[in-house]
Number of protein chains: 2
Amino acid sequence: MTQRFSFDVTATSGKARRGVISTPRGQIRTPAFMPVGTAASVKAMLPENVAATGADIVLGNTYHLMLRPTAERIDRLGGLHRFMNWDKPILTDSGGFQVMSLADLRKLTEEGVSFKSHIDGSRHMLTPERSMEIQRLLGSDIVMAFDECPALPADRNRIAESMRLSMRWAARSRAAFGYRPGHALFGIMQGGLDRDLRAESAEALRAIGFEGYAIGGLAVGEGQAAMFDCLDYAPDLLPKDRPRYLMGVGKPDDIVGAVARGIDMMDCVLPTRSGRTGQAWTRRGVVNLKNARHQDDPRPLDEDCTCPACTGYSRAYLHHVYRSGELISAMLLTWHNLHYYQQLMQEIRDAVAQDRFAAFETRFHAQRAEGDIGRL
Amino acid sequence: MTQRFSFDVTATSGKARRGVISTPRGQIRTPAFMPVGTAASVKAMLPENVAATGADIVLGNTYHLMLRPTAERIDRLGGLHRFMNWDKPILTDSGGFQVMSLADLRKLTEEGVSFKSHIDGSRHMLTPERSMEIQRLLGSDIVMAFDECPALPADRNRIAESMRLSMRWAARSRAAFGYRPGHALFGIMQGGLDRDLRAESAEALRAIGFEGYAIGGLAVGEGQAAMFDCLDYAPDLLPKDRPRYLMGVGKPDDIVGAVARGIDMMDCVLPTRSGRTGQAWTRRGVVNLKNARHQDDPRPLDEDCTCPACTGYSRAYLHHVYRSGELISAMLLTWHNLHYYQQLMQEIRDAVAQDRFAAFETRFHAQRAEGDIGRL
């Protein structure tokens, strides 16, 4: 096992790339989808089952973990990997995005963000230096620079000021992180939907130098078309030899479109959250199990899927346990959704390796156009 | 695999019995603890993991299932075993107990009980004949006679009248069930804490004849001492060559005391319900994970337990996920509790087989007297 953090692109198909990130905790096959384990748990899943779906890495949320159980406590207990029983790589976000969306009484200054915990009202301060310290205490393999991101739409000046603050914070993050063998620090490009601001941000990040580069500030309400417009140029502004991570994306068609534009890594709560609200993602689109049309349906969600929900249960059962509020509903649908997402990523990687990504995209959209597998 | 329902006592130690119930769906090692799968799910567990804890049989609730998704629907979908993905034996209760505790606007007559659903307000009628029909539609392996059970304390006349009504219903249940190879009908002894009424009830049931006999009307608030007083004589009133099932019991020390008095089968929601409220049952007593004293504790719940909760996680983690409302808390603690219960049953069976049940009981109580495994 390597003791260094490295990234190799092993194949391309159009702009789509296949590669592998090597870390001391294991390899991450790219394009990679990272399930979200906000509070040290991928909700409704045991970690061995997350791994069984094909996930090489999960994401942890600095904001949640710093408040409960606290980074210092996790450090004393041997780090986040041991704490949550997950020995593969972990990426942690910087807390910057969530402190602005979840915390109370936020105050943003050049220094950082002060806020009150949404859990117990206690006061905290997040700065680039504190974010780096927390992510080090957690034992994160891929650490994100501390950034700030305005909600869209916002005027250009607000976006430009915010981006430049994030770039100054990126430099402070780099200085505080230093270089730690086997661990990576990723910078985060900002700049909204403005090409010049994105270019300015990319230039600032490249001047600092990071082991990987994220595209932030998308998937925040701008819509898929606007996001894809930005992704038509944004990945090309970043170094070719480093992983490109699109934060907070997305639905299956967002993922396919992002890979087509040169993205290597993504994360999203969608498959896990949908699993708790009776929604199943399949190659033929989303199936709402809460719908009464499933109540007598003896068929599986997807007859070709090999996950436990599809091999063991009928749609009628999945409907029943959702309606009855049984926990097995969230357990089975989350497993299915993560399985489907990882299956999709494997198909994407195979298509890139065989340089047939455009054909894969065509088939992907055609299958979805067929719709759900029909009524009885 | 046998096509008949049969019971063999293979060893005794004092009044404690070891045996095996054979059914076409598999053997049930006795003394047996049956996890409760009320609404076609043992809450927070996948069925393969319920089996992995050592459970040979689970219980389903007629009252819940008749209301949602309905017995007719489960029948159309291939029966309860297929519906809930559990191919081992299932025992279903008759609905009698739960209709009296959960339903609205109950009206009790000689014919049966009419009531309104607590789910949607729809009107239903449960009679011995309807209960037998529902349990047949579900595909139950062990069917319970339809009975009625007054809450204790109640005056002797009320208990006597109720018991005699239940005995008339037991005869109607037998007539409606008939004899179905491979399936069993169990009668339910009533009579509260009155020895003469218990004897009268046992006599009535023996005159009808059942494949097994349950002791009902206990564990309804009378306390362990009163329950054990009743169990000092009640099992002996029943046929020696048929399984004796104590309904709704119980805590680990209730189970050990019941086995000591000749009980072969039990069921209780306690291990599953406790798993959802942060309580873990261990050989050293109950551990409340919600307690802040666990927040820095790196030790497992029980260092000798081989369940996933104990082999993969610290008490600090179990505390954290409970406090954070993560579903993995219920998943891990339910698994632990069922594992502990089945481990206890295996130790009980081994002790009976080796005719050292009294020594087992002494050690069981001594371990619990030591208390939890101590503070750091």
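Copies are superposed here by least squares on the C-alpha atoms of residues with pLDDT of at least 70 in both. This is a predicted model, in which local features need pLDDT of at least 70, side-chain atom pairs count only at pLDDT 80 or more, and totals for chains, interfaces and linings use all residues. Residues are numbered from 1 along each chain as its sequence is written, while chains are lettered from A and ligands numbered from 1 in the order in which they are written.

**Exercise 1.** Find the rotation that superposes chain B on chain A.

*Solution.* Start with the angle: 180°, with 0.0 Å of shift along the axis and an RMSD of 0.0 Å. The two copies are therefore related as by a two-fold rotation axis. Next, look along chain B for the C-alpha nearest the axis: B:Leu327 has it, at 4.0 Å.

**Exercise 2.** Describe the side of chain B that touches chain A.

*Solution.* Begin with contact: two residues count if their C-beta atoms, placed from the backbone, lie within 7 Å. Chain B gives 32 residues and chain A gives 32 residues. Now turn to the elements, where helices (H or I, at least four residues) are DSSP runs numbered from the N terminus. Among those giving two or more residues are helix H3 (71–76) and helix H14 (327–353) of chain B. H13(B) gives the most, with 5 residues. Finally, check the surface in both copies: 100% of the contact residues of chain B recur in chain A.

**Exercise 3.** List contact partners of A:Phe186.

*Solution.* First leave aside neighbours within four places in sequence; the partners then include A:Ile142, A:Met144, A:Phe210 and A:Tyr245.
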